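Student: Hi! I've just opened this one and I'm new to it. Could you walk me through it?

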Amino acid sequence: MRHAAVLVVACTLLSPAFAQPAPKPESVAPSVYTPTGIVDEIMQLARVGPGDYVVDLGSGDGRLVIAAVAKYKARGGFGVDISPMMITLSNQNAVKAGVADRVTFYERDLFVTDVSEATVVTVYLLPSIMGKVEKKLLAELKPGARVVVHDFPFPSWKADKVIGVDSLDKIATTGFAFTQLYVYTVPPRP
């Protein structure tokens, strides 16, 4: 009888009603779409090709990962965003583009997302969070992986290349046309 009571208490404590909800992911950037011309610049700077697996942190409508697979022939990829609406839209866009078998989008906090499979990562987040993102990527990505950052560089990691691009499409969302893209390569482990 005592064993039954212990079992009931244990099952009750382990039930979903007593489970702690996952903390709400921190919003680390507003939703700002990357203009199509900038998407192409990012893919070309990262040298995306058939051997690549592309991850977009803060993926919005999914355009970067979808372009990587549909236009630049990456083998696959995924995006993460904390907006359920954007995830639904992204997955619908992947179906429309015919790449849903190789591209997936997840409603997930980027800081708990395993990015170790990525050969290319794209990032368009605010400066206040870039140090934390830098540490995550350097810890998880394999040497040789490429990272392209839109507008706000990592605080410590030295970029391999920086280019400036004007995009009139960007004025409506940010108020300016100029974009800087920073390309990084994960260095060999010591």
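This is a predicted model: local features need pLDDT of at least 70, side-chain atom pairs count only at pLDDT 80 or more; totals for chains, interfaces and linings use all residues.

**A first walk through the model**

Student: Okay, and which side chain does E117 meet in a salt bridge?

Tutor: That of R75, with 3.6 Å from N to O. The two come from distant parts of the chain: R75 sits in the loop between α3 and β2, while E117 sits in the loop between β3 (103–107) and β4, 42 residues apart.

Student: Is R75 buried, exposed or partly exposed?

Tutor: Partly exposed, with a relative accessible area of 41%.

Student: How many salt bridges does a search of the whole structure find?

Tutor: The search finds 6. Another one of them joins K71 and D40, whose closest N and O atoms are 3.1 Å apart. K71 is in the loop between α3 (63–70) and β2 (76–81) and D40 is in helix α2 (residues 36–45), so this pair ties together parts that lie 31 residues apart in sequence.

Student: And why does D40 count as buried?

Tutor: Because its relative accessibility is 19%, and buried means under 20%.

Student: Let me zoom out. How many helices and strands does the protein have?

Tutor: There are 6 helices and 7 strands. Starting at the N terminus, the order is α-α-β-α-β-α-β-β-α-β-β-α-β.

Student: What do the 7 strands form?

Tutor: They make an open sheet with mixed pairing, in the order β3-β2-β1-β4-β5-β7-β6. The edges are β3 and β6; each has a single partner strand, so one side of each is left without a neighbour in the sheet. From one strand to the next, the twist averages 15°.

Student: Which helix packs on the sheet, touching β2 and β3?

Tutor: That's α4 (residues 84–97), and its direction makes about 170° with that of β3.

Student: Back to the strands. How do β6 and β7 pair?

Tutor: Strand β6 (residues 161–166) pairs with β7 in the antiparallel sense, over 6 bridges. You can look for V162, whose bridge partner in β7 is Y182, and I163, whose partner there is L181.

Student: And how many bridges join β5 to β7?

Tutor: There are 5 between β5 and strand β7 (residues 178–185), and those two run antiparallel as well. In β7, V183 stands opposite V148.

Student: What is V149 in contact with, leaving aside neighbours within four places in sequence?

Tutor: V123, M130, F154, Q180, L181, Y182 and Y184. M130 is 19 residues from V149 along the chain, and their C-alpha atoms are separated by 9.6 Å.

Student: Which residues of helix α5 are buried?

Tutor: In α5 (residues 130–140) they are M130, V133, E134, K136 and L137. Seen down the helix axis, these residues fall within an arc of 165°, so they line one face of α5. K135 and A139 are exposed on the other side of α5.

Student: Why would residues three or four places apart point the same way?

Tutor: An α-helix has 3.6 residues a turn, so residues with that spacing point the same way.

Student: So what covers the buried residues of α5?

Tutor: The cover includes β1 (53–57), β4 (120–123) and β5 (146–150).

Student: Which side chain does K136 meet in a salt bridge?

Tutor: The side chain of E140, at 2.7 Å from N to O. Both are in helix α5, 4 residues apart, about one turn of the helix. K136 counts as buried at 8% relative accessibility, whereas E140 is partly exposed at 27%.

Student: Last one: what share of the 190 residues in the protein is buried?

Tutor: Buried residues make up 45%. The protein exposes about 10300 Å², and carbon and sulfur atoms supply 62% of that. As for contacts with a separation of 6 or more, residues 24 or more positions apart account for 68%.

Note on methods. Residues are numbered from 1 along each chain as its sequence is written. Side-chain values use heavy atoms; hydrogens and water are left out. Buried means under 20% relative accessible area, exposed over 50%, partly exposed in between (1.4 Å probe, protein chains only). Contact means heavy atoms within 4.5 Å. Accessible areas come from the Shrake-Rupley method with a 1.4 Å probe; for residues, only the protein chains shown count as cover. The arc is that of the directions from the helix axis to the C-beta atoms. Two strands pair if DSSP finds at least two bridges between them. A salt bridge is a side-chain nitrogen of Lys or Arg within 4 Å of a carboxyl oxygen of Asp or Glu. Axes are lines fitted to C-alpha atoms, for helices over the stretch in contact, and angles run from 0 to 180 degrees between N-to-C directions.
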